[in-house]
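My notebook is open, and I want to look up a few things about how this chain holds its side chains.

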Amino acid sequence: MAADPPAPPASPASPPSPNPPARWRRALRTYLDALSAERGLSRHTVAAYRADLERLGEALARTGGDAGAGNAAGGAGAPGSEPRDLLTADAAALAAHLRELRRRGLAPRSISRALSSLRGFYAHAVTAGERADDPSLNLAPPKLWRSLPKVLSEGEVEALLAAPDTATPRGLRDRAMLELLYATGLRVGELVGLQLPQLRGAGGGGGALREIDFLVAFGKGSKERVVPVGEEAAAWVLRYLGEVRPQLAAGERHLAVFVNRSGRGMSRQGFWKILRGHALAAGLDSAPSPHVLRHSFATHLLEHGADLRAVQMMLGHSDISTTQIYTHIHQQRLKSLYDRFHPRA
């Protein structure tokens, strides 16, 4: 009788499943999802909160609870103490982390934002039942030295707006973007995210716009506001929409107002490069950020007699104290003119 055939070799054991994420990482993910879904914060703001909280969480994971232990790779908390992480950290660990940020040279405003991130996370953790107390309640924010934002003079703005070569398609697009940014005070994310239906005026409704009277902007937290568009900016944008956008966006099915050379919507980084190139061509001392044009928009409006509340509404500030910084710029510039030209200054 023939021997039974040998049994087939046992199949290799399936590899173990990867370790599930730590509990504090799951809590962090839940909090960040809530920021996006419930509070409507932009992905850039959520990314900043994530960076602040992951920096603390990873420091605590390295040191077992002493977030101020510098960059030590394998430190531990006090002898006999229970290791802590982002979800179980106490007030002392949070205070040590803020001191470490200050020791590393972070600006007070950056440390203040990190503290805001911590407060939001722990308030959410308490509400969600992840922990019973809020260790961030009594943490003191760093003193903020309120610096006046940088603004361009009206002459510098005119030079910047005139820098693009409007005989070329991309130059005409760039002129339209710069004109609209200065005319409306939009944030850069609002500018590059602008969609055709957000432009309002005569025409539209399935046909080409003949006029642009105002636009609808969606700011922080998806808050909607109406911003008037001046005749000069409107004329450049209409010319771009009629002459250039159909070429650049040929074959693309999207509603982005401003498109790049590939026909897709303009990115923040792409606009920064464009702005930098035209600033250098205009002979400006340094390349301004897009936010400098927003600051210039507000300051020049106030210098020409605009009402502070109206400027607040156009900028989309929820608190007028944020807008009042521009009155300080105006006063500073008036004092500078006085000192230069008054015979008894």
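**Entry 1: salt bridges**

I began with a network of salt bridges, which links Asp52, Arg55 and Arg113. The model I am reading is a predicted one. I zoomed in on Asp52 and Arg55, whose side chains meet in a salt bridge at 3.0 Å, N to O. Where do Asp52 and Arg55 sit? I found both in helix α2 (residues 43–63), 3 residues apart, which is about one turn of the helix.

Asp52 has 3% relative accessibility, and under 20% means buried, so Asp52 is buried. Arg55 comes out at 23%, so I noted it as partly exposed.

I picked out two others from the list.

- Arg103 and Glu100 join their side chains in a salt bridge of 2.8 Å, N to O. They are 3 residues apart in helix α3 (residues 91–103), so about one helical turn separates them. Arg103 has a relative accessible area of 57%, and over 50% counts as exposed, so Arg103 is exposed. Glu100, at 6%, is buried.
- Glu190 and Arg187 also meet through their side chains, at 2.7 Å, N to O. Glu190 is buried with a relative accessible area of 8%, and Arg187 is buried with 14%.

**Entry 2: a histidine**

Next I looked up His300, which I found in helix α11. Is His300 buried or exposed? Its relative accessibility is 4%, so I put it down as buried. What lies 2.8 Å from a polar atom of the His300 side chain? I traced that to the backbone oxygen of Leu152.

**Entry 3: aromatic rings**

I counted 3 aromatic pairs. In one of them, the ring centres of Tyr31 and Phe121 are 5.8 Å apart with the planes at 80°, and over 60 degrees counts as edge-to-face, so that is what I called this pair. I marked both Tyr31 and Phe121 as buried. Tyr31 and Phe121 also form one aromatic cluster together with Tyr122.

**Entry 4: nonpolar cores**

Which residues have the most contacts inside the largest nonpolar core? I got Leu215, Phe258, Phe271 and Leu293, in a core of 51 residues. Several elements each supply at least two residues of this core, including α5 (154–162), β2 (214–218), α8 (231–243) and α12 (308–315). The largest share, 7 residues, comes from α6.

Leaving out residues up to four places away in sequence, Phe271 touches Met177, Leu178, Leu181, Val188, Leu191, Val192, Met266 and Pro290.

Notes
Residues are numbered from 1 along each chain as its sequence is written. This is a predicted model: local features need pLDDT of at least 70, side-chain atom pairs count only at pLDDT 80 or more; totals for chains, interfaces and linings use all residues. Side-chain values use heavy atoms; hydrogens and water are left out. Rings of Phe, Tyr and Trp (its six-membered ring) pair if their centres lie within 6.5 Å; planes under 30 degrees apart count as stacked, over 60 as edge-to-face and the rest as tilted. Buried means under 20% relative accessible area, exposed over 50%, partly exposed in between (1.4 Å probe, protein chains only). A nonpolar core is a set of buried Ala, Val, Leu, Ile, Met, Phe, Trp, Tyr and Cys residues joined through side-chain atoms within 4.5 Å. Helices (H or I, at least four residues) and strands (E, at least two) are DSSP runs, numbered from the N terminus. Contact means heavy atoms within 4.5 Å. A polar contact is a pair of N or O atoms within 3.5 Å; within protein, one must be able to donate a hydrogen and the other to accept it, and residues adjacent in sequence count only if both atoms are side-chain atoms. A salt bridge is a side-chain nitrogen of Lys or Arg within 4 Å of a carboxyl oxygen of Asp or Glu.
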